Amino acid sequence: MCKLSFVIPCYGSETTIEIVTDQIMDTMRQRPEYTYEILLVNDCSPDLVWTKIRELARQYPCVTGIHLAKNFGQHAALMAGYRHSSGDLVISLDDDGQTPACELFTLVDKLAEGWDVVYASYEHKMHSAFRNFGTWMNERMTESLIGKPKGLKVTSYFIMRRFIVDEILRYENAYPYIEGLIFRATTHIANVPVTHHNRMVGESGYTFQKLIALWFNGFTAFSVKPLRIATFCGTGSAFLGFCYGIYVVVRKFVDPTIEMGWSSIIASIFFLGGLILVMLGLIGEYIGRIYISINNAPQYTIRETTKNLSPSAVEDQNSH
């Protein structure tokens, strides 16, 4: 009998996570040949979602709650859930109801065709224009830097085979980036269309700062292409500077009366100086990540899980 593991990072979903969990369980009843577990990872949400997760874990044996000690981000929360999962197939989805749990077997059946990973794709996304722009930027980055096949839509709703999850979990350094780990493990990836729903309540937890951090993480985590781009930019700037120097000398010989202005020199200094600082910053980012990895910075820290709580203990903590 095949087992499905559902891994759901939770942040600001006190009022929605129970609905999502109920949708999963209702859908799973349609296919009794599958067993399942639901892992809810609280990414140190400021609301009472952990209290709700404990209640669900007490009520349903298939639900396991994981409480992170601080906010480590969606990808670190997914890694925590993957390490606690035991299913033959692992499905990741959101906690806000926008990724329709009622269509989960659309992904399962597509995977059964022989794919290693299947991503849900949406004809119409119910995100804000800002969030859609961030998604577009992330797709262009993953295509150019970490080998995402062109035309493949990457979303937060996807299913993987167990061996892909095991390969992802071999990565133990800080700054996990799930798409990069998937793309370096397999290219046998497909899309399947599903309906993207409106968010049940509230707004997305992804701020502009978090989207930039996520984009930059993918930008530097699994590719040395940015360093190669820096080399090409430096070489191109040096070549342009050399050509401009020849132009200035030749122009002075042709017309000795021309006064050489300081504005062009200052402009060149500002351009080259800014370019050098950008490249040094990029190199510093790589060195900083190496330093953090050498110091074994954790991907996440687990404060507690519901597996450590008896039903009576859960009731006692819920009463506080």
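Author: **Salt bridges and their surroundings**

D166 and R162 form a salt bridge, with their closest N and O atoms 3.3 Å apart; the term denotes a side-chain nitrogen of Lys or Arg within 4 Å of a carboxyl oxygen of Asp or Glu. The two residues lie 4 residues apart in helix 6 (residues 162-168), so about one helical turn separates them. Helices here are DSSP runs of H or I with at least four residues, numbered from the N terminus. D166 is partly exposed at 39% relative accessibility, whereas R162 counts as buried at 18%. Buried means under 20% relative accessible area, exposed over 50%, and partly exposed in between, with a 1.4 Å probe and protein chains only.

The model is predicted: local features need pLDDT of at least 70 and side-chain atom pairs count only at pLDDT 80 or more, while totals for chains, interfaces and linings use all residues. Residues are numbered from 1 along each chain as its sequence is written, and side-chain values use heavy atoms, with hydrogens and water left out.

A further salt bridge joins the side chains of K52 and E55 at 3.6 Å, N to O. K52 and E55 are 3 residues apart in helix 2 (residues 49-59), and therefore about one helical turn apart. E55 is partly exposed, at 28% relative accessibility. This pair belongs to a network of salt bridges that links E18, K52 and E55.

K110 and E113 also form a salt bridge, their closest N and O atoms being 3.3 Å apart. E113 is exposed, with a relative accessible area of 56%, and K110 is partly exposed, at 21%. The structure holds 9 salt bridges.
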